[in-house]
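Reader: I would like a close look at a single part. Please take me through it step by step.

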Amino acid sequence: MLLTYFEQVLDNILPDESNETYISDIFVRPLINALGFNQQEHFSEFKTGDGNVDFAARKNVNSDIFALSRINPYLLIEVKVRATVAGAKFNLSEGTPEYINTKEQMKKYLLASKCKTSQWGIITNSVHLQLFRRHGKVVFPATPSTLIKKDNINAIVCHIKNLIDNPPKALTICVYNNKGGVGKTTTTLNLAATLVQQGKRVLLIDFDPQQGDLSKSLGLQVGKVSLYDCLSDRDLNIHDTVQPFTVKFKSGKSFQLDVIPADPKLENFTQQDLATRIEKGSARLKDALKVFVYEYDYILIDCPTSWMFFSQSSLYACDVVLIPTKHNNLASLNNAAKVIKELVPEVNAARQDGGPIALPIFFNGESITLPQLKIANQEIETIISREFKASNFNLRPYFYPNYIKPDRNTEIFSLPNYAIVAGAAFDRVPAAFKHSTAYEYYFKLAKEYFIL
Ligand SMILES: Nc1ncnc2c1ncn2[C@@H]1O[C@H](COP(=O)(O)OP(=O)(O)O)[C@@H](O)[C@H]1O
Ligand SMILES: [Mg+2]
């Protein structure tokens, strides 16, 4: 019934000059309804603590009627016009200035003080529609910005309803730069150890079978069932690949990381073998990990440097890509730009679900003097302007996330060089478990990117 209604609306009722109120009445309120929220479960002009969002929605819980208590929203909706008063189209397709501003606006709302329970945000002008998901500090697309039409609106509404009715729990992170030795494995491991100590349930996946560094540094080997077995045989239970890694402290406290160790069997296959033996190729890992998304708070994937099956699968499976670089290594900065500008979009095009996104880069594991930092900033400026000239791609927010005029803040998060971090591989225990300074460093990284 409602869906037939949408088909009609999109067909003929909404003229381009519709104002926000008209779009809200004719399109957005029925949409909220179709997503399963009744009259008492949504209202307009919700005060987020950082501006008003057009609508907020949440199911009532017993006697807590959302429209009355007006606290703890679950879904936020920001409505835009189809065209400006002057008649220019308000274009919410990805990449336009209007889109970028609206996306930033939604991000601000989802992270505002009164929205700590909000997990989803929709932006729409009744021409385009996009769903965003929030996990801790990270806001990322849960669908692409989609041009809505009569023949896809039903599918879009069903898909969004399905997502918000069965919300995933985990954020899946891949630490990647296609430059070796920048600290991918070390960061993955210590970030996982830090998140576990923050009370999070964490799954670590070693998808770098050639190196297997992560598994080696935890002293773990593949168990009865390997990841390759599960990738090639859908009838196996992927839970059987998981090995616990437990750290017990003198205080009696203990922490457990769940780990899928590197599978040496995978090492012997060529790219061609892998493509033919594993149905769906580099899309298969994401499928296989799906069950874990409802069980863990964080899933971290370690993968090899070169752009091939394992790294492609890892980017395909993740929500966000965290990119370590070195301030004194130009290749690591150029390769970070390549990940952001070429490899992530390549995976976006294959996935068609809006993911993954690249997070801003960080400097890892080197002490930095001021003159060195100045040189690094010059190199970064060169990369930014080169790529902008070549293809209009704006890398600046990925290098300088706080660069807002007039201050032009060029700070980049930096994880210090710490000998104990490097030495920990021989102890078979990540440094962030054993040394409070190492823990503090990685806790700062976790706060910078992931946890509120
Ligand atoms: N913050 C750090 N402080 C000291 N050493 C580090 C740090 N990060 C990484 N390393 C060391 O740098 C080397 C390369 O790191 P690794 O994580 O193996 O890189 P990748 O996985 O990108 O190839 C390792 O010897 C590691 O111990
Ligand atoms: Mg590595």
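Reader: Which residues point one way from β3 and which the other way, and are they buried or exposed?

Author: First, the ground rules. This is a predicted model, in which local features need pLDDT of at least 70 and side-chain atom pairs count only at pLDDT 80 or more, while totals for chains, interfaces and linings use all residues. Residues are numbered from 1 along each chain as its sequence is written, and chains are lettered from A and ligands numbered from 1 in the order in which they are written.

Now your strand. Leu75, Ile77 and Val79 point one way from β3. Leu76 and Glu78 point the other way. All are buried. Strand and helix names follow DSSP runs, numbered from the N terminus: helices are H or I with at least four residues, strands are E with at least two.

Next, the neighbours of β3. Two strands pair if DSSP finds at least two bridges between them. Strand β2, residues 52-57, is joined to β3 by three bridges, and the two run antiparallel. Here Phe55 has Ile77 as its bridge partner. Strand β4, residues 120-124, is joined to β3 by five bridges, and this pair runs parallel. Ile77 turns up again: it stands opposite Ile122 in β4.

A helix belongs in this picture too. Helix α4, residues 97-110, makes a right-handed β-α-β unit with β3 and β4. Right-handed means that, with the strands pointing away from the viewer, the path from the first strand over the helix to the second runs clockwise.

For comparison, look at helix α12. Nine of the nine residues of α12 (residues 309-317) are buried, so this helix is largely enclosed by the rest of the structure. Among them are Phe309, Leu315 and Tyr316. The buried residues of α12 pack against several elements, including β8 (171-175), β13 and α13 (330-351). Contact here means that the C-beta atoms of two residues, placed from the backbone, lie within 7 Å.

Strand β13, residues 320-322, is joined to β15 by two bridges, and they run parallel. Val320 stands opposite Ile357 in β15.

Definitions and conventions
A residue is buried if 20 or more other C-beta atoms lie within 10 Å of its own, exposed if 12 or fewer, and partly exposed in between; C-beta atoms are placed from the backbone.
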